[in-house]
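Hi,

Here is the structure I said I'd pass on. Have a look at it first, then read my notes below.

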Amino acid sequence: MSKLQGWRALGVALVAGALAALAMPPLYWLPLAIVGIVAYVWLWQAAPTPLSAFWRGLAWGTGHFAVGSYWILEAFYVPPADFALLGPPIVAGLAVLLGFFPGLVAWAARRIIDRWPSLGGRYSRLVVLAIAWTVAEWLRGHLFTGYSWNPLAHVWAFATPLLQGAALFGVYGLGMLTFLVLAAPTAGWRASIAALVAVGLAGWAGQSAMAAIENGNGPWIRIVQPNVPQAQKYRPETRARQLAKLVEMSRRPGFDRLAAVVWPETALPEIIEPGSAALAIMAQAVPPGGLLLTGAARATAAGPADGVWNSLLVIDGAGAIAAHYDKVHLVPLGEYIPFHKQLAPVSGMIGRGSFEVGEGRVTLVPSNGLPSFSPVICYEVIFPAAVTGPGERPQWLLNITNDAWFGTSSGPYQHLTSARLRTIEEGLPMIRAANTGVSAVIDAYGRVLASLDMQQEGIIDHRLPAARVATPFARWGDWTLLVLVAFLGVTLIGTRLWKSRQPP
């Protein structure tokens, strides 16, 4: 790698980042993550200046996020595909923008090593890089509303026991440890063996922890996956048929034992407001003494002119809206346009208009005895420490989504992995309803107990899994990550000081 300079180094970095992305769901080609991270470290080490290290990191990140986020293209080609030509440049531009974060890691770590050469040893430099990597991932998940997609820890999604560290330090902390493991070959065979031992011990500890869960005898919940293609969803002539289909699927055998029926995000192709005619029909999908939990575009009694929210509605047997949650973390430009009311002509040109931002996270306590839950709508589930409402801890999470925009690409599977990580971090089970998949019942350790794959129509009847005792991450959030970063930082500095005081 030391002989690679200029465009050749950038080209290798681009390819290495792209290869590393193939270790993410649904492929899980873990060896390529090792190749990609090892190449990243070697290219960083061989860079002649901090600025050249930045450009190599940027190239690596561009390749990585171009492959990891290609699925966004699918949304541009959903008929009528009015903006199809904008898809490739927008996705490519997003990859470059996200590539800034691995570039920042390379630049910052190189500046630190140049300033304090004693931190440039083959082990200590990896710790410096791992800490910088973690800070950059955290920033990526928070700056400009955040985009916490495919954090490095997701490479372990094929082995649930190896994800359990997220209960202690969250997905970012697990990502820091993952970086150290994947980069270990750059520090020699001893570090590689130590990394293998660490992975084995983490797997054993995770499996031991998972053996303690008792899923119990929670209430029965039915997930409805209608599998309506996005190109057909909003056609006026299909609306009545879609609603009838949802009701029919909800009332299939076993209906009388259910505590709740769950429909996906914006399950109905119309705006629901108090007194909407659709509510009386929706009441037919409410089990005896139970509730219907459905995604819908919601308006107030004043009508859509007052605003429309992307919401979760709780419908009772009388067809009344007993409670609701309005989505807080909207997708920029996809469902939220800043200043859309002040710039109405511009927002209209973009195409789908804009939802209003909800007031805040909530924990809903149903009146029928269903355990309390916090709803998260679609994209919201990718953000750590931001899935529960304030106050008393809920007993489960409800994720409703519509991934039909993205076809059978990798996007929906990566989305499911984010949902699984939230259950591990919070120690809470999750019921997940997706229009075209993947719908799932996930326990408090991230295990998928039941699921419906992509583009399948069907229902899942399952008892609500049990919650765990609140995990350290659920109690203290990112403070646990800060403790881990501080521990590694203090250990690194203390080791270098101790070595510097040893006689030659």
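Ile442 sits opposite Val448, which belongs to strand β11. Strand β10 (residues 439-442) and β11 run antiparallel, with four bridges joining them. Before you go further, keep in mind that this is a predicted model.

Those two strands are part of an open sheet of five, in the order β7-β8-β9-β10-β11, and the pairing is mixed. The edges are β7 (373-377) and β11 (448-452); each has a single partner strand, so one side of each has no neighbour in the sheet. From one strand to the next, the twist averages 10°. Helix α13 (residues 411-426) packs on the sheet and touches β8 (396-401), β9 (430-434), β10 and β11. The direction of α13 makes about 165° with that of β9. In case pairing is new to you: strands of a sheet pair through backbone hydrogen bonds, either parallel or antiparallel.

Now the salt bridges. How many does a search of the whole structure find? It finds 13. Here are some to look up:

- Arg252 and Glu457 meet through their side chains, at 3.7 Å from N to O. Arg252 is in the loop between α10 (239-250) and β2 (258-262), while Glu457 is in the loop between β11 and β12 (458-463), so the pair ties together parts 205 residues apart in sequence. Arg252 is partly exposed, at 25% relative accessible area, and Glu457 is partly exposed too, at 43%.
- Arg257 forms a salt bridge with Asp461, and their closest N and O atoms are 3.8 Å apart. Since Arg257 is in the loop between α10 and β2 and Asp461 is in strand β12, this pair ties together parts 204 residues apart in sequence. Arg257 is partly exposed, with a relative accessible area of 44%, and Asp461 is partly exposed with 22%.
- Arg361 and Glu380 form a salt bridge with the closest N and O atoms 3.1 Å apart. Arg361 lies in the loop between α12 (344-350) and β7, and Glu380 in the loop between β7 and β8, so the parts tied together are 19 residues apart in sequence. Are these two buried or exposed? Both Arg361 and Glu380 are buried.

There's a network as well: salt bridges with shared partners join Lys245, Glu248, Arg252 and Glu457.

Last, the surface. Trp189, Ile193, Val197 and Leu201 form a nonpolar patch there, with about 440 Å² of accessible area together. Leu201 lies in helix α8 (residues 189-210). Why does Leu201 count as exposed? Because its relative accessibility is 54%, and the cut-off for exposed is over 50%.

Cheers

Notes
Residues are numbered from 1 along each chain as its sequence is written. This is a predicted model: local features need pLDDT of at least 70, side-chain atom pairs count only at pLDDT 80 or more; totals for chains, interfaces and linings use all residues. Side-chain values use heavy atoms; hydrogens and water are left out. Patches are made of residues with over 30% relative accessible area and no salt bridge: like charges are joined within 9 Å, nonpolar side chains (Val, Leu, Ile, Met, Phe, Trp, Tyr) within 5 Å. Accessible areas come from the Shrake-Rupley method with a 1.4 Å probe; for residues, only the protein chains shown count as cover. A salt bridge is a side-chain nitrogen of Lys or Arg within 4 Å of a carboxyl oxygen of Asp or Glu. Buried means under 20% relative accessible area, exposed over 50%, partly exposed in between (1.4 Å probe, protein chains only). Two strands pair if DSSP finds at least two bridges between them. Axes are lines fitted to C-alpha atoms, for helices over the stretch in contact, and angles run from 0 to 180 degrees between N-to-C directions. Contact means heavy atoms within 4.5 Å.
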